[in-house]
Amino acid sequence: MTDKKQIAYKKFNVIITETLKMVVEAEAQNQQQAEQIVSDRWRNSEYILDADNFCKVEFTATENNNY
């Protein structure tokens, strides 16, 4: 007869964070204005980031104690 050790499993919540990245050129008087111009254009869907703009992925696990 063999002793089988029972492994206690825990539940984890894992957050998957994907980062997309695109570089666009903007003419402006200063950095703040350039960021505002690009932000406005992005909100107006002039820039659409998709899988071609993939930069990195991160996985972060935390123990789920809610069971």
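This is a predicted model: local features need pLDDT of at least 70, side-chain atom pairs count only at pLDDT 80 or more; totals for chains, interfaces and linings use all residues.

Reader: How many residues does α1 have, and how far does α1 reach?
Author: α1 has 13 residues. From first C-alpha to last, α1 reaches 18 Å. That is close to the 18 Å expected at 1.5 Å a residue.

Reader: Which residue caps the N-terminal end of α1?
Author: Asparagine 30 does. One of its side-chain oxygens lies 3.2 Å from the backbone nitrogen of glutamine 32.

Reader: Switching topic. Where is asparagine 53 found?
Author: In the loop between α1 (31-43) and β2.

Reader: Buried or exposed?
Author: Asparagine 53 is buried, because its relative accessibility is 14% and the cut-off for buried is under 20%.

Reader: What does asparagine 53 touch, leaving out residues up to four places away in sequence?
Author: Thr19, Leu20, Lys21, Met22 and Ile48.

Reader: Now asparagine 64. Where is that one?
Author: In the segment after β2, which spans 54-63. Asparagine 64 is buried, with a relative accessible area of 17%.

Reader: What does the side chain of asparagine 64 make a polar contact with?
Author: The side chain of asparagine 13, at 3.3 Å. The asparagine 64 side chain also reaches the backbone nitrogen of asparagine 66, at 2.8 Å.

Reader: And which residues does asparagine 64 touch, not counting those up to four places away in sequence?
Author: Lys11, Phe12 and Asn13. Asn13 is also the polar partner at 3.3 Å.

Notes:
Residues are numbered from 1 along each chain as its sequence is written. Side-chain values use heavy atoms; hydrogens and water are left out. Helices (H or I, at least four residues) and strands (E, at least two) are DSSP runs, numbered from the N terminus. Buried means under 20% relative accessible area, exposed over 50%, partly exposed in between (1.4 Å probe, protein chains only). A polar contact is a pair of N or O atoms within 3.5 Å; within protein, one must be able to donate a hydrogen and the other to accept it, and residues adjacent in sequence count only if both atoms are side-chain atoms. Contact means heavy atoms within 4.5 Å. The expected span of a helix is 1.5 Å times one less than its number of residues.
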